[in-house]
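Hello,

Here is the structure for you to look through. My notes follow below it.

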Amino acid sequence: MSDQTHTSPGAPFRLRRATDSLRALGGMAFVVALVCALPMVAVAIAALSGGTDTVAHLAGTVLGRYSLTTLILVVLVSIGTFAIGVGAAWLVTMTRFPGVRIFEVALVLPLAFPAYVLAYAYTHVLDHPGIVQSLLRDVTGWGARDYWFPEVRSVGGAASMLVLVLYPYVYLLARAAFLQQSATTFLAARALGSSAWSAFFRISLPLARPAIAGGVLLAVMETIADFGTVAYFGVQTFATGIYTSWFSMGDRAGAAQLALCLLSFALLLAMLERAQRGRAQFYDPARRQQPMEPARLQGRQAAFAMALCAVPVLLGAVLPIIILFSMALGSEQNLLSPRYIGFISNSLILASVAAGVTVLAAICVGFFLRLRPGRQARTAAYVARLGYAVPGGVIAVGLLVPFAAFDNALDAFMRAQFDISTGLLITGSIWLLVAAYMVRFLAAALGAYEGGQALVPANMDAAARSLGQTPGGTLRRVHLPILAPSLLTALLIVFVDVMKELPATLIMRPFNFDTLAVQAYRLASDERLEGAAVPSLVIVAIGVLPVILICRQVGRQRKR
């Protein structure tokens, strides 16, 4: 009798609505995870069905070269990003010198540059007909074979470009780790006779190791995914091999098997990064006892610290902008011409649609994980994050293989039954390219969404349910208004990442649908570097937006 008294007549209806809403949300989350898993499954199936002849041919010709070159790049980028990122993070966090407040923000700026844009800029300056070597020959009177000069179009040159744009990953994570460390253990080591350098290597660096390793692994994943830089420099890696096999040689099985090799390595890195992220609780800020007091540098030490922080900013942001502007002024490219307006329009349409779809997918996965944090939801979220470790070329091959087979089967059926050719309905569409972008960048959007979602107390969800809100209503009326800044950040990050993405766009773009990144790559491939500077500058200008947001976050961390 009391149950009937306290039960609202509309309770069963509201419960049914809530259940239906939760099922719909879970269904969408699993569809997103399925789309993210499809490229990996398709690549594995296509590679395993390619036959042993293709594998033997690859192993006897290019596999060893691709493996060695990719490994050398990974090692060089790991060393470079570690040295610059950790060194700069320690200086701006643990010392004080003139301009430190400027450097702690400026050191993030190279993150706005695609590595292939730096490759275009520095090739224009450092190549044999470039400004530097031409001036050297004019001053010394040397001929072309009378001197030695480092070759920019080499593995070392490609590694240098990647280091300059990827070290901010390590810098940001290492800086956060150093800020969270207590001074107790460091001061104890100094009291026991250790020098500042010895205490750094024995105490501070091991404590920050999980965060630093995570940053280095992120840089490595971006390295194996890079196509524009290595393709322009003529460096043969798995990324260039996949593109060459698919388009230049028409070897679909070979491309799939190369993609499977790269995918296996990328997934291994993803598992390592996840393990490092799990161990990052070692420097939990709740355990801090005494904040580190920055040391004030003067004289030569201050000048040396300023120089060390200025070099990566100068080489990774300031000089490339100056070079690109000077190149653009001498080019014949008209940014306001109808052709360029089309490139900009195509880029903005792709980036806007992909950013919106990706953020919606992140909301579905992230909110479902919050409501039902069980094994299924965690699995869906884990699969959704894997795309960040998968290079764009692998995703492109993984989506093209099944959908091209479907289009061809449908076309054959329609021809046989109705004498009608359907052509490529899905394979050549913009939506398949948007799906590739979503798979590639969903992890970034999901990370930004979950970071904001952590600020929403769980009792808000309970209060919304007690007021009769369905999961959809709770999301719409409670979460989304609070998460607006995080969602905007996720939108901008994905937007800019799509603007810079090259391999997936090159492989999957619809016919006669070129973007700024494709135009820059095409002009640079034709050695029209001055022309390539124009679309490159536009890409960089748009890429500054999320970097500004990151810089604001860095400033807020300093004020705490």
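Helix H18 (residues 392-418) has 27 residues, which at 1.5 Å a residue should span 39 Å; its end C-alpha atoms are 37 Å apart, so the two agree. The expected span is 1.5 Å times one less than the number of residues. Helices here are DSSP runs (H or I, at least four residues), numbered from the N terminus.

This is a predicted model: local features need pLDDT of at least 70, side-chain atom pairs count only at pLDDT 80 or more, and totals for chains, interfaces and linings use all residues. Residues are numbered from 1 along each chain as its sequence is written, and side-chain values use heavy atoms, with hydrogens and water left out.

Just after H18, Asp419 takes a positive phi of about 55°.

The structure holds 7 salt bridges. A salt bridge is a side-chain nitrogen of Lys or Arg within 4 Å of a carboxyl oxygen of Asp or Glu. One of them joins Arg415 and Asp411, with the closest N and O atoms 2.9 Å apart. Both lie in H18, 4 residues apart, about one turn of the helix. Asp411 is buried at 13% relative accessible area, while Arg415 is partly exposed at 49%. Buried means under 20%, exposed over 50%, and partly exposed in between (1.4 Å probe, protein chains only).

Which residue does Arg440 meet in a salt bridge? Its partner is Glu222, at 3.8 Å, N to O. Arg440 lies in helix H19 and Glu222 in helix H11 (residues 209-225), so the pair ties together parts 218 residues apart in sequence. Arg440 counts as buried, at 5% relative accessibility. Glu222 is buried too, at 19%.

Best wishes

How values were computed:
Helices (H or I, at least four residues) and strands (E, at least two) are DSSP runs, numbered from the N terminus.
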